[in-house]
Amino acid sequence: MRERIPPTSEAAVRRAVIPVFALTLAGTLAWLSAIFLAPCLKSRSPAAAAFLYSFFSPVCHQIPGRSFTFDGYPLAVCGRCLGIYAGFLAGLVIYPFARGFSRISLPPARLFLLLSVPVGLDFAGGFVRIWASPIGLRFAVGALWGILLPFYFITGVSELVLWRSSRKKGPEPSPRIDEPALDSPRRKNIE
Amino acid sequence: MNNRKPEYLVPALIAGAVSGALSGIPFVNCLCCLWIIGGAVLASFLLARNTAGPLTAGDGAIVGALTGIVAAVIDSLISVPLRPVNAVFLRRIMDSLARFSDQMPAQWQELMQRNSAGGFSVSGFLFGLFFSAAIFAVLGVLGGVIGVSIFGRKKTPASPLPSQGPPDATA
């Protein structure tokens with residue numbers, strides 16, 4: 001079993017969680033901004049727009065018929081992906097009130113599995129061609145699933161930060177037993 | 001107490017190869033980023049199975065990030081020869097839709113061009129690999145931590161009681 005971090009104070013946990021939360025929030029806002037920026041740049045700077053669409057292509061099929069439009073062009077990701085990212089942002093907004101910054105713990109697995117059912121059913125139904133859900137429904141089930149994700153992401157990254165800081169500090173140095181104390185008779189004899 | 005560190009690499013290689021391959025295969029890759037998250041969950045499952053004792057969120061984050069990076073490499077390698085197949089697949093979708101609509105949206109044509117444009121270039125491949133690895137690593141962290149919450153919480157087995165030896169003869 002990996003060597004665990006020693007019990008840490010609330011202050012140490014806050015020092016780890018707050019920067020992780022801030023960076024995650026900034027990254028999420030930048031990510032969502034880029035999704036909306038791509039269609040905005042279509043008519044103004046096609047090369048920049050093409051770069052942004054290509055940037056999101058590894059994580060999304062970007063099929064126009066399954067994407068919302070903005071400024072007359074499809075967003076850089078599909079409706080389901082946009083829902084997940086929007087839900088992630090909503091989860092970040094909720095995080096400080098629901099969890100605070102002084103403790104890190106994982107949500108119950110049951111809750112995750114429960115919130116995964118709608119998005120799982122929606123995908124499965126479309127995959128086997130039972131139904132073709134509208135973009136709005138894809139967005140909604142994606143958002144429902146995305147709300148819980150920050151509670152996992154921040155917990156995992158914060159724990160890595162705590163591991164790192166505890167390894168940097170190292171163990172408390174033990175007192176040297178070969179050097180007598182200042183008021184020790186042994187020191188007086190030496191002097 | 002067994003202080004052996006979890007072995008992150010093998011689960012990450014296995015799960016990353018699976019999720020990277022699924023991300024790159026046409027039609028199957030419609031699950032978008034969820035393949036990477038699912039792959040990282042699989043990596044956590046494999047890690048939990050091969051590790052004595054419970055795992056922590058940090059363990060999930062590490063194995064998930066490694067899974068994402070492996071998946072990015074596999075996906076990038078698979079996408080190179082499958083690019084024409086992707087274009088053919090999209091063309092078939094467009095042809096079927098064109099039978100039922102008078103005018104195809106302009107975005108479809110552009111999507112086709114984007115997926116079939118240009119040949120292979122090393123710089124483009126490395127550029128794409130770099131960004132894919134960064135994005136997939138973040139998604140992998142998420143999936144790894146989710147996987148640990150589902151599979152990694154095990155009770156530490158209780159240590160056996162020390163056997164009661166004979167009393168010390170010198171006491």
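The questions and answers below walk through how some features of this predicted model get their labels.

Residues are numbered from 1 along each chain as its sequence is written, and chains are lettered from A, with ligands numbered from 1, in the order in which they are written. Because the model is predicted, local features need pLDDT of at least 70 and side-chain atom pairs count only at pLDDT 80 or more, while totals for chains, interfaces and linings use all residues.

Q: What makes up chain A, in helices and strands?
A: Chain A has seven helices and two strands. Helices are DSSP runs of H or I with at least four residues, strands are runs of E with at least two, and both are numbered from the N terminus. Along the sequence the pattern reads α-α-β-β-α-α-α-α-α.

Q: Why is A:T155 called buried?
A: A residue is buried if 20 or more other C-beta atoms lie within 10 Å of its own, exposed if 12 or fewer, and partly exposed in between, with C-beta atoms placed from the backbone. A:T155 has 25 other C-beta atoms within 10 Å, so it is buried. This residue belongs to helix α6 (residues 149–169) of chain A.

Q: Which residues is A:T155 in contact with, leaving aside its neighbours within four places in sequence?
A: They are A:I104, A:S105, A:L106, B:A57 and B:V145. Here contact means that the C-beta atoms of two residues, placed from the backbone, lie within 7 Å.

Q: Why is B:P81 called exposed?
A: B:P81 has 10 other C-beta atoms within 10 Å, so it counts as exposed. You will find B:P81 in helix α3 (residues 57–98) of chain B. From B:P81 to B:A52 the C-alpha atoms are 41 Å apart, for a sequence separation of 29 residues.

Q: What makes B:P54 partly exposed?
A: B:P54 has 16 C-beta neighbours inside 10 Å, and therefore counts as partly exposed. B:P54 sits in the loop between α2 and α3 of chain B. B:P54 and B:R153 are 99 residues apart in sequence, yet their C-alpha atoms are 5.0 Å apart.

Q: What is the phi of A:D71, and where is this residue found?
A: A:D71 has a positive phi of about 60 degrees although it is not a glycine. Most residues other than glycine have a negative phi. A:D71 is in the loop between β1 (69–70) and β2 (73–74) of chain A. With 14 C-beta neighbours inside 10 Å, A:D71 counts as partly exposed.

Q: Why are α1(A) and α2(A) called oblique to each other?
A: The axes of α1 (residues 10–40) and α2 (residues 46–56) of chain A come within 8 Å and cross at roughly 135 degrees. Axes are lines fitted to C-alpha atoms, for helices over the stretch in contact, and angles run from 0 to 180 degrees between N-to-C directions. Angles under 35 degrees count as roughly parallel, over 145 as roughly antiparallel, 65 to 115 as roughly perpendicular and the rest as oblique. The two helices are therefore oblique.

Q: Which residues make the contact of α1(A) with α2(A)?
A: From α1(A) come A:A34, A:I35, A:L37 and A:A38, and from α2(A) come A:A49, A:L52, A:Y53 and A:F56. By class, this contact has eight nonpolar, no polar and no charged residues. Ala, Val, Leu, Ile, Met, Phe, Trp, Tyr, Cys and Pro count as nonpolar, Asp, Glu, Lys and Arg as charged, and the others, Gly among them, as polar.

Q: How do you know that the span of α1(A) agrees with its 31 residues?
A: The expected span is 1.5 Å times one less than the number of residues. For α1(A) this should be 45 Å, and the end C-alpha atoms are 44 Å apart, which agrees.

Q: What makes α2(B) and α5(B) oblique?
A: The axes of α2 (residues 34–50) and α5 (residues 122–152) of chain B come within 7 Å and cross at roughly 45 degrees, so these helices are oblique to each other. Their contact has 13 nonpolar, eight polar and no charged residues.
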